[in-house]
Amino acid sequence: AESVYRERGVELNYELVPELTTETIKPAVMETEHTVVLFYFRWDAASMAFMQSYLEIADMLKDLPDVKLARVDCGEWTDLCTSQNISRFPTIKMFRPGEEPQLYRGMLGTESLHRFIMLSRVPVPLLLSSWEEVQSYLGGELYRRHARYSAVTVLGLFSSSMDQGSAVFRQAAKRLRGQVVTGLVAEELATKWAQNFAVKLPAMLVSRGAGFPVEAFTLQISAEEEMTSKIQRAMLDKFPELTVENLPSYLELGKPLLLLFVQDENGESGEAIQELRGLLGRGLPDSYLLCWIHLSRTPAGRGVLESYLGSVPVLPALVLVELGSGEEVFQFPPGRPLLTESVLQWLVRLKNKEEQPAGVISDGKWGPPVPFYDFLAIMDKEAPGFAAQRSPQSKKDVGEEEEDEEERDQAWDCKSDKPAFENPSPSPAQSGEPPSPQHWEL
């Protein structure tokens, strides 16, 4: 609401985002390979705040012939929005000819939606048919231009392209379209790659880009939802940089966070990141989620650190926290070097309850980061009485109001020396006389 009010004077240019109606949406979807549609309310603050980002994305993608952005005002086209099961605003769907529309579940921001659209242009799953293609795919060469949008690629290995597991994987890949690039290999080629990674079919390979080893997982035949969940969990990094966007995915794991706060990736902070990465192969219990926050890229992390410890300490700072109201926060001793062995020893002391907490997670509520705007007061100031609040009237109030009106009528009649129900004099039109000059002036 604050964003909309602040920029209320900005005129939005909808030239690149045409409005669709009940009659025009079907032909519009059929003529373009990817049609992104924003369902919104013109008077909804969240809708109009996001509209700025939506128009930015339209400008970024205006030269792509296979992508078109459009909008539907659900205040005008309620039947269309009802048919699309739109229940909250804003809502974004990706339409493709001959397919069911895909609901966008990401964050409402320029970067997130742009990445979703670009990854949605990649066919899913990619069918690979040679050893060289698989090598290029896992190495990030086959779709290098998409590496900036997703460093993770997933490859399904199946004994046949027609078996049940392959069909379930295809459906899961479609559900994750726009989030990750997926590929599929079957029959003899799949058997060779499974042997190469010492796993049995069906299996899944996950590549995180150059410099990282390919991870192999044996798959169990399951339902589409379970397969989707398996792929999503396999995509999660072992030592992730937490951001506002990916935080919910990692919190779903329900693990205590062994969390490193850094201001940059140079000098002492960079060394601390590398030392903690070494914990992954040095016996760090799987019960912990090892992660880090770059405060320059994610400024909200500074407020989180301050809420944990009461102030922002010298960085880098390592804390152990189990999220939940009243849970204790432990900080790695600031005077000690952040070395792999030192951290493991510190965790042992924590397990033996030999360390004192540095803070406690409060149960206070997070207030809005922007000023509160009393829009009714603003409207009343600009147009006095326009936004006046009126409470429902009771029968007693209505009766009293009617009595007051009668008294006013009688008082007026008394002042004019005429009976209350005397008929008024006929108008000039009724009497047949021409109106006086003063009537013409009026």
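Let us begin with one cysteine: is C74 buried or exposed, and what is its relative accessible area?

Modeller: Before I answer, please note that this is a predicted model, in which local features need pLDDT of at least 70, side-chain atom pairs count only at pLDDT 80 or more, and totals for chains, interfaces and linings use all residues. Residues are numbered from 1 along each chain as its sequence is written, and side-chain values use heavy atoms, with hydrogens and water left out.

C74 is buried, because its relative accessible area is 2%, where buried means under 20%, exposed means over 50% and partly exposed lies in between, using a 1.4 Å probe and protein chains only. The partner of C74 is C81, to which C74 is joined by a disulfide with an S to S distance of 2.0 Å; a disulfide here is a pair of cysteine sulfur atoms within 2.5 Å. C81 is also buried, at 3%. The torsion about the S-S bond of this pair is about -90°, so the disulfide is left-handed. The structure holds one disulfide. Another residue, C291, is buried as well, with a relative accessible area of 0%.

Of the contacts between residues at least 6 apart in sequence, 70% join residues at least 24 apart, a contact being heavy atoms within 4.5 Å.

Helix 5, residues 110–120, includes R115. Nine of the eleven residues of this helix are buried, so helix 5 is largely enclosed by the rest of the structure. Among the buried ones are H114, F116 and M118, and the buried residues pack against strands and a helix that include strand 1 (34–40), helix 3 (45–60) and strand 7 (181–186). R115 counts as buried at 18%, and, leaving aside neighbours within four places in sequence, R115 is in contact with Y149, G178 and E245.

Helix 12, residues 300–309, has G301, L305, Y308 and L309 as buried residues. Seen down the axis of helix 12, these fall within an arc of 75°, so they line one face of the helix; the arc is that of the directions from the helix axis to the C-beta atoms. This buried set packs against several strands, including strand 10 (257–262) and strand 11 (289–294). Just after helix 12, G310 takes a positive phi of about 90°.

Charged pairs come next: the structure holds 17 salt bridges, each being a side-chain nitrogen of Lys or Arg within 4 Å of a carboxyl oxygen of Asp or Glu. One of them joins E225 to R175, at 3.7 Å from N to O. E225 lies in helix 9 (residues 224–235) and R175 in helix 7 (residues 164–175), so the pair ties together parts that are 50 residues apart in sequence. Of these two residues, E225 is exposed at 53%, while R175 is partly exposed at 39%. Another salt bridge links E215 with R208, their closest N and O atoms being 2.7 Å apart; here E215 is buried at 18% and R208 is buried at 9%. Salt bridges that share partners also join E111, R115 and E245 into one network, which brings us back to the R115 of helix 5.

L247 lies in helix 10, residues 247–251, and is partly exposed at 31%, whereas C74, where we began, is buried at 2%.

Notes:
Helix = DSSP H or I, 4+ residues; strand = E, 2+ residues; numbered from the N terminus.
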